Amino acid sequence: MQVPLSHQVDVAGFHTEATRLLALQVPPQDVHWSAAPAQSVDEEPLETARAAIRNRAARAIIPQSFIRMSELVVLHRDPERFDLLYRTLWRLIYEPELKNDFADKDMAHLRQMAQSVRRDIQKMKTKLVFRQLTVKGESVPVAQYEPVHFIAEAVGGWLAGRAPDGWILLTPDRSLRWNGEHLLSAPAVAPPPAPQLTWDDSQLAAILEALPWV
């Protein structure tokens, strides 16, 4: 069974589909998860709704700590993360003792992935450097950063509350703009052609002016 998700960090979609598959008793080996890079321009929520498993039987067995961990694991760059999450959800239902097994390989792997995402988020928060560029006659702080995992939106929501006057953040996965009221995301800006390592200010300003939300 092919289960497509709307984008790489579609945690809400994953939990919706996982709930449906659990209710249908579809085993992990019969499911293949896929997530394509987002191509649309979207408004990102500043306060993301917490993940939830809606199936009553599943809620009675699956620890909330696992649900919270899954929110981080979905941001990991491992392409097998959704398969691992669903396999572990399935096992938690049919192997209730798993929640107390701290030596289990799947659970240990998920904890390691969540910790890697946490570290990457903290590093990005401390390493971001903005420079002022003139875009359509307006001076805008712009930062470029290449995170290890799919954390741009997560950091963007945090940053919006700390830099209220507006900014643009570019990553290889998504472009983000905070205009003081809304956090908008769009497809990533293509990297400069080799051997050029970065866009200069005038090149980057011209690229930003062509973006649909600028």
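**View 1. The second largest pocket of this predicted model has a volume of about 330 Å³.** The pocket is lined by 15 residues, and those closest to its centre are Gln144, Pro172, Val189, Pro191 and Pro192. Sorted by class, the lining consists of 10 nonpolar, 3 polar and 2 charged residues.

**View 2. Helix 3 (residues 64-73) crosses helix 5 at roughly 55°.** The two axes come within 8 Å of each other. The crossing of helix 3 with helix 5 is left-handed. On the helix 3 side, the contact is formed by Phe66, Met69, Leu72 and Val73. Helix 5 contributes Met107, Leu110, Arg111, Met113, Ala114, Val117, Arg118 and Ile121. This contact of helix 3 with helix 5 comprises 10 nonpolar residues and 2 charged ones, with no polar residues.

**View 3. Helix 4 (residues 81-94) packs on helix 5 (residues 105-127) at an angle of about 135°.** The axes of helix 4 and helix 5 lie 10 Å apart. Because of this angle, helix 4 is oblique to helix 5. Helix 4 and helix 5 cross in a left-handed sense. Arg81, Leu84, Leu85, Arg87, Thr88 and Arg91 make the contact from helix 4. Their counterparts in helix 5 are Asp106, Met107, His109, Leu110 and Met113. Counted by class, the contact of helix 4 with helix 5 holds 5 nonpolar, 2 polar and 4 charged residues. Met107, Leu110 and Met113 of helix 5 are among the residues in contact with helix 4, and Met107, Leu110 and Met113 are also among those that meet helix 3.

**View 4. Helix 5 and helix 6 (residues 152-160) pack at an angle of about 50°.** Their axes are 10 Å apart. The angle makes helix 5 oblique to helix 6. The crossing of helix 5 and helix 6 is right-handed. From helix 5, the residues in contact are Ile121, Met124 and Lys125. They meet Ala154, Val155 and Trp158 of helix 6. The contact of helix 5 with helix 6 is made up of 5 nonpolar residues and 1 charged residue, with no polar residues.

Note on methods. Residues numbered from 1 in each chain as written. Predicted model: local features only at pLDDT ≥ 70, side-chain atom pairs only at ≥ 80, totals over all residues. Heavy atoms only, no water. Axes fitted to C-alpha atoms, helices over the stretch in contact; angles between N-to-C directions. Helix = DSSP H or I, 4+ residues; strand = E, 2+ residues; numbered from the N terminus. Parallel < 35°, antiparallel > 145°, perpendicular 65-115°, else oblique. Left-handed = near helix turned anticlockwise from the far one by under 90°. Contact = heavy atoms within 4.5 Å. Nonpolar A, V, L, I, M, F, W, Y, C, P; charged D, E, K, R; others polar. 1 Å grid on protein atoms, 1.4 Å probe; cavity = no way out; pocket = protein on both sides within 12 Å on 5 of 7 lines; lining within 4 Å. Points joined across faces, edges and corners; volume = space filled by probe spheres on them.
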